[in-house]
Amino acid sequence: MRKLLFNQWVFAAALLLLAFSCSDDQPAPEKAIASFQFAVDAAQFNKVTFTDFSQNAVSLSWNFDDGTALSIEENPVHVFATEGTYT
């Protein structure tokens with residue numbers, strides 16, 4: 001009988017501990033909104049300035065779709081090797 005009461009007490013304590021450890025008082029993080037603009041240099045058509053206007057971003061990564069390395073600059077200036085359409 002004592003063992004049964006002890007087991008019930010341990011089980012109740014474990015449930016109580018689990019209930020308090022799972023409470024989440026932190027607000028959910030806001031979703032990131034990606035937004036940017038670009039401007040082509042008037043004197044050098046393959047030079048493009050990108051300006052980041054994103055909201056709630058934790059990090060940035062720019063892929064210029066021309067085989068060059070990714071950039072983590074906030075507002076990068078990129079010179080494309082050849083003319084073309086890049087996504």
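**View 1. Asn56 and Asp65, two residues with a positive phi in the loop between β2 and β3.** Asn56 is partly exposed because its relative accessible area is 37%, where buried means under 20% relative accessible area, exposed over 50% and partly exposed in between, with a 1.4 Å probe and protein chains only. This view, like the others, comes from a predicted model, in which local features need pLDDT of at least 70 and side-chain atom pairs count only at pLDDT 80 or more, while totals for chains, interfaces and linings use all residues. Residues are numbered from 1 along each chain as its sequence is written, and side-chain values use heavy atoms, with hydrogens and water left out. Asn56 is found in the loop between β2 and β3 (77–79), and its phi is positive, about 65°, although Asn56 is not a glycine. Most residues other than glycine have a negative phi. Asp65 lies in the loop between β2 and β3, has a positive phi near 65°, and counts as partly exposed because its relative accessible area is 40%.

**View 2. The protein as a whole, with the pattern α-β-β-β along the sequence.** The protein has 1 helix and 3 strands, taken as DSSP runs numbered from the N terminus (helices are H or I with at least four residues, strands are E with at least two). Of its 87 residues, 11% count as buried.

**View 3. The largest pocket, with a volume of about 410 Å³.** Of the 17 residues that line this pocket, the closest to its centre are Phe38, Val48, Phe50, Phe80 and Tyr86. The elements that give two or more residues to the lining are β1 (36–40) and β2 (47–52), and the largest share, 3 residues, comes from β1. The lining divides into 10 nonpolar, 6 polar and 1 charged residues, where Ala, Val, Leu, Ile, Met, Phe, Trp, Tyr, Cys and Pro count as nonpolar, Asp, Glu, Lys and Arg as charged, and the others, Gly among them, as polar. On a 1 Å grid over the protein atoms alone, a pocket is an open set of points where a 1.4 Å probe fits, with protein on both sides within 12 Å along at least five of seven lines, and lining residues have an atom within 4 Å of a point. Grid points are joined across faces, edges and corners, and a volume is the space filled by probe spheres set on the points.

**View 4. The second largest pocket, which holds about 160 Å³ of space.** Among the residues that line this pocket are Ser35, Phe36, Ser54 and Trp62, and the lining as a whole divides into 7 nonpolar, 4 polar and 1 charged residues. Ser35, in the loop between α1 (2–21) and β1, is partly exposed because its relative accessibility is 31%. Although Ser35 and Ser54 are 19 residues apart in sequence, they are 4.6 Å apart in space, C-alpha to C-alpha.

**View 5. Phe36 in strand β1.** Phe36 counts as partly exposed because its relative accessibility is 48%. Phe36 also belongs to the lining of the second largest pocket.

**View 6. Pro76, a buried residue in the loop between β2 and β3.** Pro76 counts as buried because its relative accessibility is 1%. The C-alpha atoms of Pro76 and Phe38 are separated by 9.8 Å, and the two residues are 38 residues apart along the chain.
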